[in-house]
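Good morning, colleagues. Please look at the sequence and the structure on the screen before I turn to a few local features.

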Amino acid sequence: MSYPWKNLSPKDGYIVSQTALLSDIDQRVLTSLYQPVIGASAYSLYMTLRENAPQFSQRREEVLVAELLAVLSFGIADFYQSRVRLEAVGLLRTYKKKDSEHIYLYELHPPLSAVDFFADDVISLLLLERVGEKTYQSLRAKFSVPSIDKQDYREVTQSFLDVFQFNPTTEQHNQLVSLNAPFKNALSVSSESKPRLTIQSDSFDWDFFYNGLNKHFVKKESVNTEAKRAIFMLHEMYGIDELQMQQYVLEACDVESGVLDIQKLKTNAHRTFHNQNDQKIVVTDKVQTVLEEEQNQYRERKNQLRQDGFSSGEIAVIESSEENRPMAFLQSIKEQKNGFVTRPEQWTLEEILSQSKLPASVVNILIHYILVVKNSPVFDRNLAYKIANDWAQQNISSPEEAMKKVKELRQATKARYNNTQKGASYGRKQNYSQQNKAYRKETLPDWARDDQPEKKEQRLSEEEQKAFRERLKKIRSYRKEGDQ
(Lines give C-alpha, C1' and ligand atoms only; values in the text may rest on other atoms or scores of the structure.)
Protein backbone atom coordinates (compact mmCIF):
# COMPACT_ATOMS: atom_id res chain seq x y z
CA MET A 1 0.00 0.00 0.00
CA SER A 2 1.19 3.51 -0.83
CA TYR A 3 0.96 5.98 2.03
CA PRO A 4 0.63 9.64 0.93
CA TRP A 5 2.77 10.92 3.81
CA LYS A 6 5.73 8.87 2.57
CA ASN A 7 6.41 11.72 0.12
CA LEU A 8 6.67 14.22 2.98
CA SER A 9 9.87 14.94 4.84
CA PRO A 10 10.79 16.95 7.93
CA LYS A 11 13.20 18.81 5.65
CA ASP A 12 10.36 20.08 3.44
CA GLY A 13 9.80 23.84 3.55
CA TYR A 14 6.52 25.68 3.99
CA ILE A 15 5.12 29.18 4.27
CA VAL A 16 1.83 30.24 5.86
CA SER A 17 -0.75 32.78 4.74
CA GLN A 18 -4.19 33.62 6.06
CA THR A 19 -7.20 35.01 4.26
CA ALA A 20 -8.79 36.66 7.28
CA LEU A 21 -7.98 37.74 10.81
CA LEU A 22 -9.70 35.70 13.51
CA SER A 23 -12.02 37.41 15.94
CA ASP A 24 -12.77 36.30 19.48
CA ILE A 25 -16.01 34.67 18.35
CA ASP A 26 -14.10 32.77 15.65
CA GLN A 27 -11.82 31.43 18.39
CA ARG A 28 -14.84 30.24 20.34
CA VAL A 29 -16.35 28.57 17.29
CA LEU A 30 -13.07 26.77 16.56
CA THR A 31 -12.70 25.56 20.14
CA SER A 32 -16.30 24.57 20.87
CA LEU A 33 -17.63 23.45 17.48
CA TYR A 34 -14.72 22.46 15.23
CA GLN A 35 -12.42 20.82 17.78
CA PRO A 36 -14.82 17.93 18.62
CA VAL A 37 -15.06 17.16 14.90
CA ILE A 38 -11.42 17.45 13.78
CA GLY A 39 -9.75 16.43 17.03
CA ALA A 40 -7.23 18.09 19.34
CA SER A 41 -4.21 17.41 17.08
CA ALA A 42 -5.72 19.13 14.04
CA TYR A 43 -6.90 22.00 16.24
CA SER A 44 -3.36 22.42 17.62
CA LEU A 45 -1.93 22.40 14.10
CA TYR A 46 -4.35 25.13 12.98
CA MET A 47 -3.58 27.35 15.97
CA THR A 48 0.18 26.85 15.58
CA LEU A 49 0.08 27.71 11.88
CA ARG A 50 -2.02 30.75 12.72
CA GLU A 51 0.64 31.93 15.19
CA ASN A 52 3.31 31.46 12.51
CA ALA A 53 1.32 33.35 9.87
CA PRO A 54 2.72 36.81 9.09
CA GLN A 55 0.67 39.79 10.20
CA PHE A 56 -0.11 42.54 7.71
CA SER A 57 3.12 43.63 5.98
CA GLN A 58 5.42 41.04 7.53
CA ARG A 59 7.45 39.07 5.04
CA ARG A 60 6.53 35.43 4.58
CA GLU A 61 9.58 33.30 5.33
CA GLU A 62 10.05 29.66 4.50
CA VAL A 63 10.21 27.34 7.53
CA LEU A 64 11.19 23.68 7.80
CA VAL A 65 8.45 21.20 8.63
CA ALA A 66 10.87 19.74 11.19
CA GLU A 67 10.43 22.86 13.33
CA LEU A 68 6.65 22.47 13.23
CA LEU A 69 6.91 18.78 14.17
CA ALA A 70 9.17 19.64 17.10
CA VAL A 71 6.71 22.20 18.48
CA LEU A 72 3.72 19.87 18.14
CA SER A 73 5.54 16.62 19.04
CA PHE A 74 4.17 15.11 15.83
CA GLY A 75 5.47 12.46 13.51
CA ILE A 76 5.05 12.82 9.75
CA ALA A 77 1.98 10.56 9.68
CA ASP A 78 0.33 12.48 12.56
CA PHE A 79 1.09 15.78 10.84
CA TYR A 80 -0.45 14.56 7.57
CA GLN A 81 -3.57 13.26 9.31
CA SER A 82 -4.11 16.58 11.10
CA ARG A 83 -3.46 18.54 7.92
CA VAL A 84 -6.02 16.66 5.80
CA ARG A 85 -8.63 16.98 8.54
CA LEU A 86 -8.25 20.75 8.40
CA GLU A 87 -8.50 20.57 4.61
CA ALA A 88 -11.66 18.42 4.83
CA VAL A 89 -13.58 20.99 6.90
CA GLY A 90 -12.40 23.98 4.85
CA LEU A 91 -10.00 25.50 7.39
CA LEU A 92 -6.90 24.93 5.28
CA ARG A 93 -5.92 24.86 1.62
CA THR A 94 -2.59 23.30 0.65
CA TYR A 95 -0.51 24.21 -2.41
CA LYS A 96 2.74 22.76 -3.70
CA LYS A 97 5.28 25.00 -5.40
CA LYS A 98 5.51 24.23 -9.12
CA ASP A 99 9.28 24.47 -9.47
CA SER A 100 9.97 22.56 -6.24
CA GLU A 101 8.40 19.35 -4.98
CA HIS A 102 9.30 20.08 -1.38
CA ILE A 103 7.96 23.58 -0.69
CA TYR A 104 4.33 24.05 0.37
CA LEU A 105 1.97 26.95 0.93
CA TYR A 106 -0.54 26.49 3.77
CA GLU A 107 -3.40 28.95 3.37
CA LEU A 108 -5.53 29.33 6.51
CA HIS A 109 -9.24 30.08 6.19
CA PRO A 110 -11.54 31.31 8.96
CA PRO A 111 -14.21 29.02 10.41
CA LEU A 112 -17.86 29.26 9.51
CA SER A 113 -19.95 31.49 11.68
CA ALA A 114 -21.95 29.64 14.33
CA VAL A 115 -25.13 30.19 12.32
CA ASP A 116 -23.57 28.78 9.13
CA PHE A 117 -21.99 25.91 11.07
CA PHE A 118 -25.30 24.65 12.40
CA ALA A 119 -26.92 25.26 9.01
CA ASP A 120 -24.32 23.05 7.30
CA ASP A 121 -25.78 19.56 7.44
CA VAL A 122 -22.47 17.78 6.93
CA ILE A 123 -20.38 19.24 9.70
CA SER A 124 -23.27 19.84 12.12
CA LEU A 125 -24.30 16.18 11.91
CA LEU A 126 -20.70 15.16 12.58
CA LEU A 127 -20.74 17.37 15.66
CA LEU A 128 -24.05 15.83 16.75
CA GLU A 129 -22.54 12.35 16.53
CA ARG A 130 -19.36 13.36 18.33
CA VAL A 131 -20.91 15.07 21.36
CA GLY A 132 -24.43 13.66 21.58
CA GLU A 133 -27.81 15.38 21.46
CA LYS A 134 -27.67 16.98 24.93
CA THR A 135 -24.30 18.68 24.39
CA TYR A 136 -25.26 19.56 20.81
CA GLN A 137 -28.37 21.41 21.95
CA SER A 138 -26.32 23.13 24.65
CA LEU A 139 -23.82 24.34 22.06
CA ARG A 140 -26.62 25.63 19.84
CA ALA A 141 -27.99 27.60 22.76
CA LYS A 142 -24.51 28.88 23.64
CA PHE A 143 -24.10 30.46 20.20
CA SER A 144 -27.69 31.68 19.86
CA VAL A 145 -28.57 35.33 20.45
CA PRO A 146 -31.89 35.67 22.27
CA SER A 147 -34.40 37.75 20.33
CA ILE A 148 -36.83 40.26 21.80
CA ASP A 149 -40.35 40.73 20.55
CA LYS A 150 -40.41 44.26 19.09
CA GLN A 151 -44.09 44.41 18.38
CA ASP A 152 -44.62 46.72 21.34
CA TYR A 153 -41.88 49.08 20.17
CA ARG A 154 -41.63 51.74 17.45
CA GLU A 155 -38.23 52.29 15.80
CA VAL A 156 -36.84 55.81 16.09
CA THR A 157 -33.33 55.16 14.73
CA GLN A 158 -31.80 58.12 12.85
CA SER A 159 -30.22 57.57 9.43
CA PHE A 160 -26.74 58.68 8.42
CA LEU A 161 -27.96 61.71 6.48
CA ASP A 162 -30.15 62.71 9.43
CA VAL A 163 -26.96 63.14 11.44
CA PHE A 164 -24.22 64.05 8.93
CA GLN A 165 -24.33 66.38 5.94
CA PHE A 166 -21.64 67.47 3.48
CA ASN A 167 -21.51 68.68 -0.09
CA PRO A 168 -18.19 67.59 -1.66
CA THR A 169 -16.94 69.19 -4.86
CA THR A 170 -16.30 67.09 -7.94
CA GLU A 171 -12.57 67.05 -7.19
CA GLN A 172 -13.18 66.00 -3.59
CA HIS A 173 -15.60 63.30 -4.74
CA ASN A 174 -13.03 61.81 -7.13
CA GLN A 175 -10.41 61.89 -4.39
CA LEU A 176 -12.83 60.17 -2.01
CA VAL A 177 -13.56 57.43 -4.55
CA SER A 178 -9.85 56.87 -5.02
CA LEU A 179 -9.22 56.68 -1.26
CA ASN A 180 -12.09 54.25 -0.79
CA ALA A 181 -10.87 51.85 -3.47
CA PRO A 182 -10.68 48.31 -2.03
CA PHE A 183 -7.31 46.97 -0.92
CA LYS A 184 -5.91 44.53 -3.41
CA ASN A 185 -4.62 42.11 -0.78
CA ALA A 186 -6.51 43.26 2.31
CA LEU A 187 -7.23 40.87 5.16
CA SER A 188 -10.85 40.66 6.16
CA VAL A 189 -12.06 39.99 9.69
CA SER A 190 -13.83 36.67 9.11
CA SER A 191 -15.96 38.26 6.39
CA GLU A 192 -14.94 35.91 3.61
CA SER A 193 -17.76 33.68 2.42
CA LYS A 194 -16.67 30.06 2.67
CA PRO A 195 -17.77 27.26 0.36
CA ARG A 196 -19.93 24.73 2.13
CA LEU A 197 -18.82 21.13 2.41
CA THR A 198 -20.07 19.04 -0.46
CA ILE A 199 -20.77 15.33 -0.71
CA GLN A 200 -21.98 13.71 -3.89
CA SER A 201 -23.45 10.26 -4.38
CA ASP A 202 -26.01 8.44 -6.52
CA SER A 203 -27.09 6.08 -3.73
CA PHE A 204 -30.37 7.92 -3.02
CA ASP A 205 -33.32 7.62 -5.43
CA TRP A 206 -34.68 11.15 -5.44
CA ASP A 207 -37.46 10.46 -7.98
CA PHE A 208 -38.94 7.70 -5.81
CA PHE A 209 -38.61 9.93 -2.75
CA TYR A 210 -40.42 12.89 -4.39
CA ASN A 211 -43.19 10.70 -5.81
CA GLY A 212 -43.97 9.48 -2.30
CA LEU A 213 -44.08 13.01 -0.90
CA ASN A 214 -46.51 14.19 -3.59
CA LYS A 215 -49.26 12.13 -1.93
CA HIS A 216 -48.96 14.21 1.27
CA PHE A 217 -49.26 17.86 2.11
CA VAL A 218 -45.62 18.92 2.06
CA LYS A 219 -44.68 22.33 0.73
CA LYS A 220 -42.44 21.59 -2.24
CA GLU A 221 -40.43 24.79 -1.88
CA SER A 222 -39.29 23.78 1.62
CA VAL A 223 -37.46 20.72 0.23
CA ASN A 224 -34.77 23.02 -1.16
CA THR A 225 -31.05 22.52 -1.70
CA GLU A 226 -30.29 22.84 2.00
CA ALA A 227 -32.97 20.28 2.88
CA LYS A 228 -31.64 17.90 0.24
CA ARG A 229 -28.19 18.09 1.80
CA ALA A 230 -29.64 17.22 5.17
CA ILE A 231 -31.70 14.35 3.75
CA PHE A 232 -28.74 12.89 1.94
CA MET A 233 -26.47 13.13 5.00
CA LEU A 234 -29.10 11.37 7.15
CA HIS A 235 -29.38 8.68 4.48
CA GLU A 236 -25.60 8.18 4.43
CA MET A 237 -25.06 8.36 8.19
CA TYR A 238 -28.01 6.37 9.52
CA GLY A 239 -28.84 4.17 6.53
CA ILE A 240 -32.34 5.63 6.15
CA ASP A 241 -33.87 4.54 2.85
CA GLU A 242 -36.19 6.59 0.63
CA LEU A 243 -39.42 5.20 2.11
CA GLN A 244 -38.31 5.77 5.72
CA MET A 245 -37.07 9.24 4.81
CA GLN A 246 -40.54 10.20 3.57
CA GLN A 247 -41.93 9.41 7.03
CA TYR A 248 -39.21 11.42 8.77
CA VAL A 249 -39.92 14.42 6.51
CA LEU A 250 -43.65 14.23 7.21
CA GLU A 251 -43.00 14.18 10.96
CA ALA A 252 -40.71 17.23 10.68
CA CYS A 253 -43.20 19.29 8.63
CA ASP A 254 -45.51 21.86 10.17
CA VAL A 255 -49.07 20.52 10.09
CA GLU A 256 -50.62 23.82 9.03
CA SER A 257 -48.04 25.28 6.62
CA GLY A 258 -46.42 22.10 5.34
CA VAL A 259 -42.96 23.71 5.76
CA LEU A 260 -40.10 21.34 6.55
CA ASP A 261 -38.14 22.05 9.75
CA ILE A 262 -34.64 20.80 8.87
CA GLN A 263 -33.34 20.95 12.45
CA LYS A 264 -36.30 18.89 13.66
CA LEU A 265 -35.67 16.40 10.85
CA LYS A 266 -32.05 15.90 11.93
CA THR A 267 -32.91 15.66 15.62
CA ASN A 268 -35.70 13.12 15.05
CA ALA A 269 -33.51 10.92 12.87
CA HIS A 270 -30.65 11.05 15.36
CA ARG A 271 -32.91 10.31 18.33
CA THR A 272 -34.73 7.41 16.62
CA PHE A 273 -31.50 5.78 15.50
CA HIS A 274 -29.91 5.91 18.95
CA ASN A 275 -33.08 4.72 20.67
CA GLN A 276 -32.94 1.64 18.48
CA ASN A 277 -29.14 1.18 18.64
CA ASP A 278 -26.94 1.14 21.74
CA GLN A 279 -23.77 2.18 19.94
CA LYS A 280 -22.80 5.46 18.34
CA ILE A 281 -22.31 5.96 14.64
CA VAL A 282 -18.69 5.28 13.79
CA VAL A 283 -17.44 8.08 11.57
CA THR A 284 -14.50 6.46 9.85
CA ASP A 285 -11.39 8.55 9.37
CA LYS A 286 -9.77 7.20 6.21
CA VAL A 287 -6.33 8.43 7.20
CA GLN A 288 -6.69 6.84 10.64
CA THR A 289 -7.71 3.57 8.99
CA VAL A 290 -4.65 3.67 6.77
CA LEU A 291 -2.47 4.49 9.79
CA GLU A 292 -3.79 1.44 11.65
CA GLU A 293 -3.22 -0.75 8.60
CA GLU A 294 0.32 0.60 8.32
CA GLN A 295 1.02 -0.14 11.98
CA ASN A 296 -0.25 -3.71 11.57
CA GLN A 297 1.84 -4.20 8.45
CA TYR A 298 4.84 -2.65 10.22
CA ARG A 299 4.58 -5.13 13.11
CA GLU A 300 4.13 -8.07 10.73
CA ARG A 301 7.05 -7.00 8.58
CA LYS A 302 9.31 -6.45 11.57
CA ASN A 303 8.53 -9.94 12.82
CA GLN A 304 9.24 -11.33 9.35
CA LEU A 305 12.60 -9.53 9.22
CA ARG A 306 13.53 -11.02 12.60
CA GLN A 307 12.58 -14.47 11.32
CA ASP A 308 14.77 -13.88 8.27
CA GLY A 309 17.75 -13.43 10.59
CA PHE A 310 18.19 -9.66 10.60
CA SER A 311 19.48 -8.04 13.79
CA SER A 312 17.78 -5.07 15.47
CA GLY A 313 20.43 -2.73 14.03
CA GLU A 314 19.94 -4.08 10.51
CA ILE A 315 16.15 -3.75 10.84
CA ALA A 316 16.58 -0.12 11.95
CA VAL A 317 18.70 0.60 8.85
CA ILE A 318 16.09 -1.05 6.60
CA GLU A 319 13.31 1.03 8.14
CA SER A 320 15.33 4.23 7.84
CA SER A 321 16.09 3.45 4.18
CA GLU A 322 12.35 3.34 3.47
CA GLU A 323 11.55 6.56 5.30
CA ASN A 324 14.14 8.88 3.71
CA ARG A 325 15.00 10.08 0.24
CA PRO A 326 18.54 9.13 -0.88
CA MET A 327 19.93 12.67 -0.86
CA ALA A 328 18.58 13.31 2.65
CA PHE A 329 19.85 9.88 3.75
CA LEU A 330 23.33 10.62 2.38
CA GLN A 331 23.41 14.08 3.97
CA SER A 332 22.27 12.71 7.34
CA ILE A 333 25.06 10.12 7.47
CA LYS A 334 27.69 12.67 6.43
CA GLU A 335 26.49 15.08 9.13
CA GLN A 336 26.71 12.33 11.76
CA LYS A 337 30.31 11.77 10.67
CA ASN A 338 30.95 15.55 10.84
CA GLY A 339 31.42 15.61 7.09
CA PHE A 340 29.61 17.19 4.15
CA VAL A 341 28.20 16.10 0.82
CA THR A 342 30.42 17.05 -2.12
CA ARG A 343 29.31 17.89 -5.63
CA PRO A 344 30.84 14.69 -7.09
CA GLU A 345 28.89 12.67 -4.50
CA GLN A 346 25.64 14.38 -5.53
CA TRP A 347 26.34 13.68 -9.21
CA THR A 348 27.22 10.06 -8.45
CA LEU A 349 24.00 9.57 -6.51
CA GLU A 350 21.84 11.26 -9.15
CA GLU A 351 23.37 9.13 -11.90
CA ILE A 352 22.86 5.89 -9.96
CA LEU A 353 19.22 6.77 -9.30
CA SER A 354 18.56 7.63 -12.94
CA GLN A 355 20.61 4.89 -14.61
CA SER A 356 20.24 1.86 -12.35
CA LYS A 357 16.47 2.23 -11.76
CA LEU A 358 17.04 0.80 -8.30
CA PRO A 359 14.41 1.74 -5.68
CA ALA A 360 15.39 4.62 -3.41
CA SER A 361 15.43 2.32 -0.36
CA VAL A 362 17.92 0.00 -2.07
CA VAL A 363 20.17 2.94 -2.97
CA ASN A 364 20.03 4.01 0.69
CA ILE A 365 21.35 0.57 1.73
CA LEU A 366 24.17 1.07 -0.79
CA ILE A 367 24.98 4.47 0.75
CA HIS A 368 24.99 2.96 4.24
CA TYR A 369 27.29 0.13 3.15
CA ILE A 370 29.92 2.42 1.66
CA LEU A 371 29.86 5.19 4.29
CA VAL A 372 29.15 3.20 7.47
CA VAL A 373 30.04 -0.47 6.97
CA LYS A 374 33.20 0.23 4.96
CA ASN A 375 33.67 3.54 6.81
CA SER A 376 34.63 5.32 3.62
CA PRO A 377 34.95 9.11 4.08
CA VAL A 378 33.15 9.72 0.76
CA PHE A 379 30.51 8.00 -1.35
CA ASP A 380 33.11 6.30 -3.55
CA ARG A 381 32.13 6.61 -7.21
CA ASN A 382 33.77 3.48 -8.63
CA LEU A 383 32.61 1.21 -5.81
CA ALA A 384 29.08 2.65 -5.93
CA TYR A 385 28.84 2.08 -9.69
CA LYS A 386 30.18 -1.45 -9.36
CA ILE A 387 27.71 -2.49 -6.65
CA ALA A 388 24.75 -0.65 -8.22
CA ASN A 389 25.40 -2.41 -11.54
CA ASP A 390 25.58 -5.77 -9.78
CA TRP A 391 22.36 -5.21 -7.85
CA ALA A 392 20.54 -3.90 -10.92
CA GLN A 393 21.53 -7.01 -12.91
CA GLN A 394 20.35 -9.22 -10.04
CA ASN A 395 17.01 -7.34 -9.85
CA ILE A 396 17.41 -6.31 -6.21
CA SER A 397 14.10 -4.58 -5.49
CA SER A 398 13.79 -4.31 -1.69
CA PRO A 399 16.03 -3.03 1.12
CA GLU A 400 16.07 -6.43 2.83
CA GLU A 401 17.39 -8.05 -0.35
CA ALA A 402 20.04 -5.35 -0.52
CA MET A 403 20.90 -5.92 3.15
CA LYS A 404 21.40 -9.64 2.44
CA LYS A 405 23.82 -8.68 -0.33
CA VAL A 406 25.64 -6.40 2.11
CA LYS A 407 25.96 -9.28 4.57
CA GLU A 408 27.35 -11.46 1.78
CA LEU A 409 29.86 -8.74 0.91
CA ARG A 410 30.92 -8.48 4.55
CA GLN A 411 31.34 -12.24 4.87
CA ALA A 412 33.38 -12.36 1.66
CA THR A 413 35.58 -9.51 2.92
CA LYS A 414 36.05 -11.27 6.25
CA ALA A 415 36.93 -14.54 4.53
CA ARG A 416 39.53 -12.82 2.36
CA TYR A 417 41.00 -11.17 5.44
CA ASN A 418 41.22 -14.49 7.30
CA ASN A 419 42.88 -16.16 4.30
CA THR A 420 45.36 -13.32 4.08
CA GLN A 421 46.16 -13.66 7.77
CA LYS A 422 46.64 -17.43 7.45
CA GLY A 423 48.90 -16.93 4.45
CA ALA A 424 50.97 -14.39 6.31
CA SER A 425 51.29 -16.70 9.32
CA TYR A 426 52.34 -19.64 7.13
CA GLY A 427 54.88 -17.42 5.36
CA ARG A 428 56.40 -16.37 8.67
CA LYS A 429 56.81 -20.02 9.71
CA GLN A 430 58.42 -20.92 6.39
CA ASN A 431 60.87 -18.04 6.65
CA TYR A 432 61.81 -19.03 10.20
CA SER A 433 62.45 -22.64 9.16
CA GLN A 434 64.57 -21.58 6.21
CA GLN A 435 66.53 -19.21 8.42
CA ASN A 436 67.24 -22.05 10.88
CA LYS A 437 68.46 -24.25 8.04
CA ALA A 438 70.92 -21.58 6.98
CA TYR A 439 72.63 -21.44 10.38
CA ARG A 440 76.12 -23.34 10.67
CA LYS A 441 75.85 -26.35 12.91
CA GLU A 442 78.63 -26.46 15.62
CA THR A 443 80.12 -29.86 16.66
CA LEU A 444 80.30 -30.19 20.44
CA PRO A 445 82.89 -32.30 22.36
CA ASP A 446 81.67 -35.45 23.99
CA TRP A 447 81.86 -33.96 27.45
CA ALA A 448 79.66 -31.11 26.54
CA ARG A 449 76.98 -33.26 25.08
CA ASP A 450 74.07 -34.13 27.30
CA ASP A 451 73.34 -37.37 25.51
CA GLN A 452 76.60 -39.13 26.49
CA PRO A 453 76.23 -42.22 28.75
CA GLU A 454 77.65 -41.94 32.26
CA LYS A 455 80.95 -43.90 32.67
CA LYS A 456 81.36 -46.33 35.64
CA GLU A 457 84.39 -46.01 38.02
CA GLN A 458 86.85 -49.06 37.98
CA ARG A 459 89.42 -50.03 40.79
CA LEU A 460 93.18 -50.50 39.86
CA SER A 461 94.85 -53.90 40.20
CA GLU A 462 97.83 -54.51 42.63
CA GLU A 463 100.37 -54.31 39.82
CA GLU A 464 98.84 -51.08 38.47
CA GLN A 465 98.87 -49.58 41.96
CA LYS A 466 102.58 -50.55 42.44
CA ALA A 467 103.61 -49.06 39.09
CA PHE A 468 101.62 -45.85 39.92
CA ARG A 469 103.50 -45.51 43.28
CA GLU A 470 106.92 -45.90 41.61
CA ARG A 471 106.11 -43.20 39.05
CA LEU A 472 104.97 -40.94 41.79
CA LYS A 473 108.22 -41.54 43.75
CA LYS A 474 110.34 -40.65 40.71
CA ILE A 475 108.40 -37.41 40.19
CA ARG A 476 109.01 -36.38 43.77
CA SER A 477 112.80 -37.17 43.51
CA TYR A 478 113.03 -34.98 40.40
CA ARG A 479 111.49 -32.05 42.28
CA LYS A 480 114.01 -32.41 45.17
CA GLU A 481 117.01 -32.41 42.79
CA GLY A 482 115.62 -29.38 41.04
CA ASP A 483 115.28 -27.52 44.31
CA GLN A 484 118.99 -27.98 45.04
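Predicted model: local features only at pLDDT ≥ 70, side-chain atom pairs only at ≥ 80, totals over all residues.

Directly after helix 4 comes Gly90, with a positive phi near 85 degrees.

Ser73, in the loop between helix 3 and helix 4, has a phi near 55 degrees. Ser73 is exposed, at 65% relative accessible area. Asn395 likewise has a phi near 55 degrees and sits in the loop between helix 18 and helix 19. Its relative accessible area is 62%, so Asn395 counts as exposed.

I now turn to the salt bridges, of which there are eight. In one of them, the closest N and O atoms of Arg301 and Glu400 are 2.5 Å apart. Because Arg301 belongs to helix 13 and Glu400 to helix 19, this pair ties together parts 99 residues apart in sequence. Arg301 is partly exposed, at 26% relative accessibility.

Another salt bridge pairs Glu345 with Lys334, at 2.8 Å between the closest N and O atoms. Here helix 16 supplies Glu345 and helix 15 supplies Lys334, so the parts joined are eleven residues apart in sequence. Are these two partners buried or exposed? Glu345 is buried, at 2%, and Lys334 is buried, at 4%.

Technical notes:
Residues numbered from 1 in each chain as written. Heavy atoms only, no water. Helix = DSSP H or I, 4+ residues; strand = E, 2+ residues; numbered from the N terminus. Buried < 20%, exposed > 50% of the residue type's maximum accessible area, 1.4 Å probe, protein only. Salt bridge = Lys/Arg side-chain N within 4 Å of Asp/Glu carboxyl O.
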